[in-house]
Amino acid sequence: MNSRSRPGPLLLAALLTGLGGPGHGAEGPPTLRILIQTSPLAGAQYYAANRVWDQLRPGDRLTLAREGENPHDSRAIRVAWHGVQLGYLPRLENDAVADAMDRHAPLEARISRLRPDSDPWRRVEVQVFLVIRRSVLE
């Protein structure tokens, strides 16, 4: 197995978290979360990320929306927090998530890191997971 085909540490952490993590009990069957992407938030300086900065927390759930008609990127994925647009997944890194969304795959996005940096590309880091109910695997 070469280094490109081996699961990375983030993928392994996501698998292990999914196997023993949230989803037990009344919430329904346990879930498996597979990390698809970790990336900076693009365009944060043009949207509300700075306005809501003090309210954002690592782990906060984000909403993703495909913008197939976006004139700048036909694979654009808008990122929002509590209905407030924060920015987009980067154009050069949105193919896998756009494909998954086009196939109606169950995805979950969260803030993974916040940095008080003057560079808007370094302020908010986003992770996107493919969510699989364990009952599907059994």
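Reader: Where is the place of His 82?

Author: This is a predicted model, and in it His 82 belongs to the loop between S3 and S4.

Reader: What is phi of His 82 near?

Author: Phi of His 82 is near 50°, which is a positive value in a residue other than glycine.

Reader: Is His 82 buried or exposed?

Author: His 82 has 64% relative accessibility, and the cut-off for exposed is over 50%, so His 82 counts as exposed.

Reader: And what about phi of His 104?

Author: His 104 is not a glycine, yet its phi is positive, at about 60°. The residue sits in the loop between H2 and S5, and with a relative accessible area of 71% it is exposed.

Reader: Turning to aromatics, how many aromatic pairs does the structure hold?

Author: There is one aromatic pair. The ring centres of Tyr 47 and Tyr 88 are 5.7 Å apart and the planes meet at 70°; over 60 degrees counts as edge-to-face, so this pair is edge-to-face.

Reader: Which parts of the chain does the pair link?

Author: The pair links distant parts of the chain, 41 residues apart: Tyr 47 is in the loop between strand S1 (31–40) and S2, while Tyr 88 is in strand S4 (residues 84–88). Tyr 47 is partly exposed at 35% relative accessibility, whereas Tyr 88 is buried with a relative accessible area of 16%.

Reader: What lies over the face of Trp 53?

Author: Arg 123 does, at 3.9 Å from the ring centre.

Reader: Now the core. How many residues has the largest nonpolar core?

Author: That core has 23 residues, and those with the most contacts inside it are Leu 41, Leu 62, Leu 64 and Leu 86. Two or more residues come from each of S2, S3, S4, helix H2 (95–102), S5 and strand S6 (124–133).

Reader: Which residues is Leu 41 in contact with, leaving aside neighbours within four places in sequence?

Author: Among them are Ala 49, Val 79, Leu 86, Tyr 88, Trp 121 and Val 126.

Reader: How many bridges join S2 to S3?

Author: Five bridges join S2 to strand S3 (residues 76–81), and the two run antiparallel. Thr 63 has Ala 80 as its bridge partner in S3. S2 (residues 61–67) is also joined to strand S5 (residues 107–114) by two bridges, again antiparallel, and there Leu 62 stands opposite Ala 109.

Reader: Finally, what is the mean pLDDT of the protein?

Author: The mean is 81, and 75% of the residues reach 70 or more. Over residues 1–26 the pLDDT is below 50.

Note on methods: Residues numbered from 1 in each chain as written. Predicted model: local features only at pLDDT ≥ 70, side-chain atom pairs only at ≥ 80, totals over all residues. Heavy atoms only, no water. Pairing = 2+ DSSP bridges. Helix = DSSP H or I, 4+ residues; strand = E, 2+ residues; numbered from the N terminus. Phe/Tyr/Trp six-rings, centres within 6.5 Å; stacked < 30°, edge-to-face > 60°. Buried < 20%, exposed > 50% of the residue type's maximum accessible area, 1.4 Å probe, protein only. Lys NZ or Arg CZ within 6 Å of the ring centre and 35° of its normal. Core = buried A, V, L, I, M, F, W, Y, C linked by side-chain atoms within 4.5 Å. Contact = heavy atoms within 4.5 Å. pLDDT = per-residue confidence, 0-100.
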